[in-house]
Amino acid sequence: MGPSSKARRRSTLGVTLRILGWMVPLAGFLLTGWAWAWSSPVGSGPDDDYHMASIWCPTPLETSGCLAGYDDSGNAIIHIPNSIGPRACYAQHPDESGGCQRDVEREVQTTRVDNGGYPGGYYDFMHWFVGPDTHQSVYSMRVFNVILAGLLFAATAAVSGKSARLPVIGGMIVGLVPLGIFLVASVNPSAWAIIGVAVAWGSTHALIAPHSARWKRIGAVLLLLLGATIAAVSRGDAGAFVVVVTAGYLILQYRRGAPRIAIFGVVLASLIGLIGFMSAGQSASGLTQPWIDGGSLTGFSLLIRNIRDLPLLFGGMFGYQWGLGWLDTSLPSITAVAMLMVVGGILFVGTQRISWRKGLILMMLFGAASALALWTLQLSNTTVGNQVQPRYLLPLILVFCMVLFVDENHSERSIHFPVATRWLVWTFLVIAQCFALQRNIRRYITGIDVDGFNLNVAVEWWEAPVQPMTLWVLGTLGFAMFAAALLYVGRPTEAEGSAAEDLEPTPKRATAQA
């Protein structure tokens, strides 16, 4: 009886720990996403006036009930509530708090609305959340995006094999701080671009899990198609990114004897992405016509200048010299330094276990992001800092982070880190997110001309259901719970051996495998 009882207790404890291993990170993500959704006022996201107007008045404008006519240039004029109308009063005025908003229910006219440039599906879906209270409608959209991301990320990890789970979870955690989490908790269509492309890649990676259960493969294919669809209806370039991701599957993950359902899903996802890309007006004209005719540099000189400054776009995703919102919420140095150390460390460790397949997909992802940025800058005859923003390239770089965790020399495994390294990465991530969220809250409750630890003092704007300090603490705690998944999935299994063996294979081990 004694040994049997102990075995049952161990079994029960194991099941409990596994459940907590799933529920704690998911609850943490939802909590930190909820905090980010409430940390800034309506209209605080990049180009929010354009995107909110397009949600309130989706195409075709003639049947939306908003159309007032056309101006002399042929641009549509629509009627919308002032609170979602022209650029917010605090936009690009970092010393101005969100309290400057007045007369929010008055109707105004604007030409800042989508009329076929975007795929449109995102705006049509979000239109379901539109209600009489514009502010409550916007916060509902933000929270929905957080819930959607959390559930899809968790589902993608669930259909991945144990050894294939780290690239999915690790890449998402690292790639989302700080710009990604801000966008996911916004009404910007880039939220769906990030979610869709990440889920598309994670589900393709799950398709090669060794001895994967049939339900997991079916679930991975369904998630792949759902992720491709979400990305394709958000932005035209996100549809193209799906094509890049599925091409990466063929390069990095395809093996002889792959299930037909996997090949079918990859091909269909590619078609969905291609249709989304081709159907967007921004794809047809935005990449073939210049927007700006200015600047002293042209041609080859402009290209060299932009190549030199291109790292600013990639560093901007992690808080380096690039603000949130309307680019007016500067992030503290501790966030940028901590994130660059994390990404740099993962880059060096991830490339220790590399093959030509993994190297090719990494170059393809980075090359596609770089080429898109340079091509757009050349066509617009402008330099880095204009036209192209880090958020446009973030979906590809998020996948880049996920691929770094893959051990291509042993495709059924993932790169693993020693215990101390995992705790160090977790600490840096929590610190980076903590101070990024604090700065975002501070920027809108008082403006950045006011400083101080206590966010509850001298508040000029606030709409969240809890006090600013409480929101900050909850958001920090939530992210610590979310990032804790790295501590669990980042450890090697018994079958994979120690972390040291995984990172530094010896000739003896290679001979034994041969």
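The questions and answers below concern disulfides, salt bridges and surface charge in this predicted model.

Visitor: How many disulfides does the chain hold?
Guide: A pair of cysteine sulfur atoms counts as a disulfide if the two lie within 2.5 Å. C57 and C66 have sulfur atoms 2.1 Å apart, and C89 and C100 are joined at 1.8 Å, S to S. By this rule the count is 2 disulfides.

Visitor: Is the link of C57 and C66 left-handed or right-handed?
Guide: The handedness is given with the angle about the S-S bond, which is -90° for C57 and C66. This link is left-handed.

Visitor: Is the disulfide of C89 and C100 left-handed or right-handed?
Guide: C89 and C100 both lie in the loop between strand 2 (76–81) and strand 3 (107–110), so their bond ties together parts that are 11 residues apart in sequence. The torsion about the S-S bond of C89 and C100 is about 90°, so this disulfide is right-handed.

Visitor: Is C89 buried or partly exposed?
Guide: A residue is buried under 20% relative accessible area and exposed over 50%, with partly exposed in between. C57, at 0%, is buried, and C66, at 11%, is buried too. C89 has a relative accessibility of 37%, so C89 counts as partly exposed.

Visitor: How many residues apart are D49 and R112 in the chain?
Guide: The side chains of D49 and R112 meet in a salt bridge, at 2.9 Å from N to O. This pair links distant parts of the chain, with D49 in helix 2 (residues 48–56) and R112 in the loop between strand 3 and helix 3 (121–126). D49 is buried at 6% relative accessibility, whereas R112 is partly exposed at 32%. In the chain, D49 and R112 are 63 residues apart.

Visitor: Which residues are linked in a network of salt bridges?
Guide: The search of the whole structure finds 7 salt bridges. One of them is the pair of D49 and R112, and both residues belong to a network. The linked residues are D47, D49, R112 and R391.

Visitor: In which helix do R305 and D309 both lie?
Guide: The side chains of R305 and D309 form a salt bridge, 3.0 Å from N to O. R305 is partly exposed at 32% relative accessibility, and D309 is partly exposed at 21%. The two are 4 residues apart, about one turn of the helix, and they lie in helix 12 (residues 299–309).

Visitor: Are R443 and D328 buried or exposed?
Guide: R443 and D328 meet through their side chains in a salt bridge, 2.9 Å from N to O. The pair links distant parts of the chain, 115 residues apart: R443 is in helix 17, and D328 is in the loop between helix 13 (311–316) and helix 14 (333–350). Both R443 and D328 are buried.

Terms used. Residues numbered from 1 in each chain as written. Predicted model: local features only at pLDDT ≥ 70, side-chain atom pairs only at ≥ 80, totals over all residues. Heavy atoms only, no water. Buried < 20%, exposed > 50% of the residue type's maximum accessible area, 1.4 Å probe, protein only. Salt bridge = Lys/Arg side-chain N within 4 Å of Asp/Glu carboxyl O.
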